[in-house]
Amino acid sequence: EADGYMREVGAALFPQVNVDSSASRYKVTELGATPLFNGMSPTRSNYNVKLSTTFELDFWGKLRRAQESAKAQALASRFAKDTVDLSLKSLVTGDYLLLRSLEAQIELSKASMKSREDSLALTQRRLEGGVSSALDVHQAEVAYNNLKAQLADLTRQRSIIEHQLAVLTGDLDLKISSGDINVLPIPPVPPAGLPSTLLEARPDVRQAEQNLIAANAKIGVAKAALFPTISLTAGFGGESKDLGDVLKSAARIWNGGLSLNLPVFDSGRLNSKVDQATAEQKQLLASYERAVQNAFTEVNDALVNVRQNTEREEALNASQLSASKAVEIANNRYKSGYTGYLEVLDAQRVFNEASLAYVQSRQARLTSTVEMFKALGGGWE
């Protein structure tokens with residue numbers, strides 16, 4: 001639409017040529033003040049074929065500024081499209097990473113369920129052997145069923161995210177095979193000392209800039225309307241009473257003219273349009289400043305998120321390894337009779353939470369990297 005409007009406005013810089021033709025037949029009165037000569041028929045025909053043109057002389061730049069405004073609006077619409085495209089890619093990637101995170105959490109929950117199932121079987125055997133009480137069995141059953149419920153909820157979330165990806169990609173039959181988020185590569189981070197002018201590559205900033213350029217040009221259009229409009233008109237063709245004679249030299253007609261239109265009194269209508277255009281330019285200047293400020297904020301936030309999520313992932317990885325060792329020690333102590341089953345349950349719970357937190361931190365780190373690329377307009381080259 002914006003491209004079509006730009007071509008329409010640009011066409012005003014060139015003359016418009018039309019073919020005008022007409023054919024008419026009419027009867028004049030035989031009893032009028034002007035008598036008919038002998039032999040003249042009261043019924044007459046008239047045929048006219050003419051090329052006509054009109055062209056406005058752009059002395060004050062009104063048409064050129066209008067073209068400048070339309071071109072800027074067309075560019076702004078393209079940058080708006082790029083913004084949507086970048087946002088869509090970011091959303092698809094973020095949902096994909098969430099899908100992989102849920103799959104990893106599902107696998108961890110299944111492994112924990114297997115461990116809880118083994119522990120439940122152990123407590124039942126110890127109960128049958130008179131070594132432990134029914135309390136241990138019931139505690140093991142609670143832990144197992146809680147994990148079963150956790151697994152069901154994770155599976156539900158995974159299906160919903162897959163459906164969301166199907167909508168975002170336009171493939172409603174989309175089926176994504178399982179994968180491991182831990183094997184996904186870690187994207188690079190931008191080097192230090194990048195120039196702030198890099199933010200000018202963001203499509204939303206460029207869109208705001210083009211909107212501002214269009215508004216500036218509209219002020220020129222409004223001011224040019226205060227000056228005279230000068231137009232050239234011309235026509236060339238033929239006119240005759242018989243269709244066969246319309247192209248003969250004797251039937252040739254032509255005309256040319258120059259017109260000037262100068263507003264003298266309009267109760268301030270044209271000046272009010274200048275005020276409107278100026279006010280719109282001020283609004284879009286504020287929008288441009290806000291877009292730049294928002295870009296700085298998003299980039300700074302993204303860099304902080306990448307850095308802190310990286311540190312968080314390293315800490316949670318260490319926590320997961322320690323929790324795994326604690327589970328092993330607690331199981332050995334319980335089997336040896338040095339401690340109650342509650343210690344085992346607590347160690348298993350901590351390990352489950354630490355494992356899920358580590359996977360979620362890996363997802364957060366990858367997602368924050370995606371947001372950083374988005375904040376930089378797609379990259380930093």
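The points go from the overall form of the chain to a few single residues.

1. A word on the origin to begin with: this is a predicted model. The secondary structure comes to six helices and four strands. Read from the N terminus, the elements follow the order α-β-β-α-α-α-β-β-α-α.

2. On overall dimensions, the chain has a radius of gyration of 40 Å, whereas a compact globule of 381 residues would have one near 21 Å. Along the principal axes, the C-alpha atoms fill a box of roughly 140 × 50 × 40 Å.

3. Burial and surface come next. Of the 381 residues, 33% count as buried. The accessible surface of the chain is about 23,000 Å², and carbon and sulfur atoms account for 56% of that surface.

4. For the contact pattern, take the contacts between residues at least 6 apart in sequence: 80% of these join residues at least 24 apart. As for charges, the chain has 42 positive and 44 negative ones, and their mean positions lie 5 Å apart.

5. Which residues make up the largest nonpolar core? There are twelve: L120, L122, V137, A140, A143, V327, A330, Y334, Y341, V344, L345 and A347. Helices α2 (62-128), α3 (134-169), α5 (269-335) and α6 (341-375) each give two or more residues to this core. The largest share, four residues, comes from α6.

6. Once its neighbours within four places in sequence are set aside, L345 is in contact with Q139, A140 and A143.

7. Q150 sits in helix α3. Is Q150 buried, exposed or partly exposed? Its relative accessibility is 22%, so Q150 counts as partly exposed; the cut-off for buried is under 20%. Not counting residues up to four places away in sequence, Q150 touches S109, N352 and L356. With S109 the separation along the chain is 41 residues, yet the two C-alpha atoms are 7.5 Å apart.

8. Last, a backbone detail to look at: S267 has a positive phi of about 60°, although S267 is not a glycine. This serine lies in the loop between β4 (252-261) and α5. S267 counts as exposed because its relative accessibility is 64%, and the cut-off for exposed is over 50%.

Key:
Residues numbered from 1 in each chain as written. Predicted model: local features only at pLDDT ≥ 70, side-chain atom pairs only at ≥ 80, totals over all residues. Heavy atoms only, no water. Core = buried A, V, L, I, M, F, W, Y, C linked by side-chain atoms within 4.5 Å. Buried < 20%, exposed > 50% of the residue type's maximum accessible area, 1.4 Å probe, protein only. Contact = heavy atoms within 4.5 Å. Rg over C-alpha atoms; globule rule 2.2 N^0.38 Å. Areas by Shrake-Rupley, 256 points an atom, 1.4 Å probe, with all protein chains shown as cover. Lys, Arg positive; Asp, Glu negative; His and termini not counted. Charge placed at Lys NZ, Arg CZ, Asp CG, Glu CD.
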